[in-house]
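Work through the exercises below with the model open. Each task is followed by its solution.

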Amino acid sequence: MQLITLEHGHWNFFCPVTGKEVYKEEGGVNAETFRGGWHQEVPNEPLELAQELQQPWQAYLDKIEEDDSDLDVAAFLESVDQPGWVAFEVNSFGVACGPVWETTWTVLDLTGKD
């Protein structure tokens, strides 16, 4: 799967196919093209994985546990062969009581079908 890295100073992320925000402000998913998501704080707990990603994700977790290696969401996503699906690594940053940043990974089906 192709991995596209984005960096910006806000937390808005819109689907390039539908134009809709991918994540709702109050939490949850807003895009029908959404196929899975990860957050840097809990990378081993993906959000709403599509059925096509569930088995490969579990196999990846089993393999890194067996090898005693580190979890790398980006490497996993690049290893998945799912035509028309694109993974976005979004690095967001801002200022609260000091600098804050986060990385999320979001998979969208950009084939234009639901």
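**Exercise 1.** Which strands does helix α1 lie across, and at about what angle does α1 run to β2?

Solution. This is a predicted model. Locate α1 at residues 51-67. The helix lies across β2, β3 and β4. Its angle to β2 is about 40°.

**Exercise 2.** Work out the order of the four strands in the open sheet, then find the strands at the edges.

Solution. Start with the order: β1-β3-β4-β2. The pairing is mixed. Now take the ends. β1 (2-8) and β2 (34-39) each have a single partner strand, so one side of each is left without a neighbour in the sheet. On average, neighbouring strands are turned by 20° against each other, direction ignored.

**Exercise 3.** In which sense do β2 and β4 pair, and over how many bridges?

Solution. Recall the background: strands of a sheet pair through backbone hydrogen bonds, either parallel or antiparallel. Strand β4 spans residues 99-109. Its pairing with β2 is antiparallel, over five bridges. For a residue-level check, find G36: V107 in β4 stands opposite.

**Exercise 4.** Is N91 buried or exposed? Describe its surroundings as well.

Solution. Apply the cut-off: buried means under 20% relative accessible area. N91 has 16% relative accessibility, so it counts as buried. Next, list contacts, leaving aside neighbours within four places in sequence. N91 touches T5, L6, E7, H8, E102 and T103. One of these, T103, also makes a polar contact with N91, side chain to side chain, at 2.6 Å.

Note on methods:
Residues numbered from 1 in each chain as written. Predicted model: local features only at pLDDT ≥ 70, side-chain atom pairs only at ≥ 80, totals over all residues. Heavy atoms only, no water. Buried < 20%, exposed > 50% of the residue type's maximum accessible area, 1.4 Å probe, protein only. Polar contact = N/O pair within 3.5 Å; in protein donor to acceptor, adjacent residues only side chain to side chain. Contact = heavy atoms within 4.5 Å. Pairing = 2+ DSSP bridges. Helix = DSSP H or I, 4+ residues; strand = E, 2+ residues; numbered from the N terminus. Axes fitted to C-alpha atoms, helices over the stretch in contact; angles between N-to-C directions.
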